[in-house]
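Please examine the sequence and the three-dimensional structure shown below.

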Amino acid sequence: MATSRPPARVLGYLESKKNLVGSACGLAGLALTVAGAAGAYWPVVVAGLYGAGALIAPPERAPVPLFPGTAEQLEAVREDLGRLRDYGAEVELPPAAEGKLGELLDLYAALLEPGRGVEALATEPDAVHALSRAIRLDVPECVDTYNRTRWWTRLTPGGESPERHLERQLSVLSDEAERLTAGLQDREARRQQTHTAYLEERGRS
């Protein structure tokens with residue numbers, strides 16, 4: 001025959017600080033009873049001390065939620081880049097766009113390569129967000145909209161070609177990636193200069 005388990009809230013209260021402090025005070029009340037100080041009203045004394053202890057006990061603190069750190073985020077982005085490469089290899093693209101996409105993905109891979117690139121990225125949440133957005137959203141959207149628009153263009157030719165739009169989109173993303181890379185390089189250079197100035201100032205003092 002199965003036995004019923006107490007609800008989680010009951011178990012949580014039994015393990016709470018309020019119950020532990022209240023129980024300790026209740027035990028003090030029992031000690032007073034044994035010593036003869038509580039008299040005939042010992043149940044009231046024990047219950048009162050338990051209640052007082054539960055009231056003065058510090059409130060329970062909710063556990064702080066744990067979120068993935070920058071290293072875990074970058075590892076996930078690196079895996080997504082691998083999936084993006086596989087996707088790009090399966091899609092038929094015009095030669096010019098295919099070359100631009102390959103160069104762009106190579107730049108992303110260099111930024112995510114373990115070592116200096118990742119170390120610099122790890123200190124720049126905005127750069128991590130921009131790189132993640134490009135890999136997970138921007139590039140797939142560029143390629144997918146090209147494929148869908150190309151199909152419709154075959155039915156109703158005219159206007160600016162989907163190939164041209166794709167090349168423009170990839171050029172914009174390439175410029176963005178280059179600015180991101182230059183920003184990381186500049187921050188590393190300024191960090192080096194700051195350390196040089198610190199050492200020189202320390203040497204003069």
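Is the crossing of H5 and H8 left-handed or right-handed? In this predicted model, the crossing of H5 and H8 is left-handed. The axes of the two helices come within 10 Å and cross at roughly 20°. Angles under 35 degrees count as roughly parallel, and H5 and H8 are therefore roughly parallel to each other. On the H5 side, the contact is formed by Ala 96, Ala 97, Lys 100, Leu 101, Leu 104, Leu 107, Tyr 108 and Leu 111. H8 contributes Leu 166, Glu 167, Leu 170, Ser 171, Leu 173, Ser 174, Ala 177, Glu 178, Leu 180, Thr 181 and Leu 184. Sorted by class, the residues of this contact comprise 13 nonpolar, three polar and three charged.

H5, which spans residues 95-112, also packs against H4, which spans residues 70-90. The axes of H4 and H5 come within 10 Å and cross at roughly 160°. Since angles over 145 degrees count as roughly antiparallel, H4 and H5 are therefore roughly antiparallel to each other. H4 passes H5 in a left-handed crossing. From H4, the residues that make the contact are Leu 74, Val 77, Arg 78, Leu 81, Leu 84, Arg 85 and Gly 88. Their counterparts on H5 are Leu 101, Leu 105, Asp 106, Tyr 108, Ala 109 and Leu 112. The contact of H4 with H5 has nine nonpolar, one polar and three charged residues. Leu 101 and Tyr 108 of H5 are listed in the contact with H4 and also in the contact with H8.

From the N terminus on, its elements accordingly read α-α-α-α-α-α-α-α. Among contacts with a separation of 6 or more, 72% join residues 24 or more positions apart. Of the 205 residues, 25% count as buried. The protein exposes about 14,400 Å², and carbon and sulfur atoms supply 59% of that area.

Two positions remain to be considered. Gln 169 lies in H8, which covers residues 162-204. Is Gln 169 buried, partly exposed or exposed? Its relative accessibility is 30%, so Gln 169 counts as partly exposed. Apart from neighbours within four places in sequence, Gln 169 is in contact with Cys 142 and Thr 145. Asp 138 is 31 residues from Gln 169 in sequence, and the C-alpha atoms of this pair are 9.0 Å apart.

Ser 161 is located in the loop between H7 (125-155) and H8. With a relative accessible area of 30%, Ser 161 is partly exposed. Ser 161 and Arg 150 are eleven residues apart along the chain, and their C-alpha atoms are separated by 8.0 Å.

Definitions and conventions. Residues are numbered from 1 along each chain as its sequence is written. This is a predicted model: local features need pLDDT of at least 70, side-chain atom pairs count only at pLDDT 80 or more; totals for chains, interfaces and linings use all residues. Side-chain values use heavy atoms; hydrogens and water are left out. Axes are lines fitted to C-alpha atoms, for helices over the stretch in contact, and angles run from 0 to 180 degrees between N-to-C directions. Helices (H or I, at least four residues) and strands (E, at least two) are DSSP runs, numbered from the N terminus. Angles under 35 degrees count as roughly parallel, over 145 as roughly antiparallel, 65 to 115 as roughly perpendicular and the rest as oblique. A crossing is left-handed if the near helix is turned anticlockwise from the far one by less than a right angle, and right-handed if clockwise. Contact means heavy atoms within 4.5 Å. Ala, Val, Leu, Ile, Met, Phe, Trp, Tyr, Cys and Pro count as nonpolar, Asp, Glu, Lys and Arg as charged, and the others, Gly among them, as polar. Buried means under 20% relative accessible area, exposed over 50%, partly exposed in between (1.4 Å probe, protein chains only). Accessible areas come from the Shrake-Rupley method with a 1.4 Å probe; for residues, only the protein chains shown count as cover.
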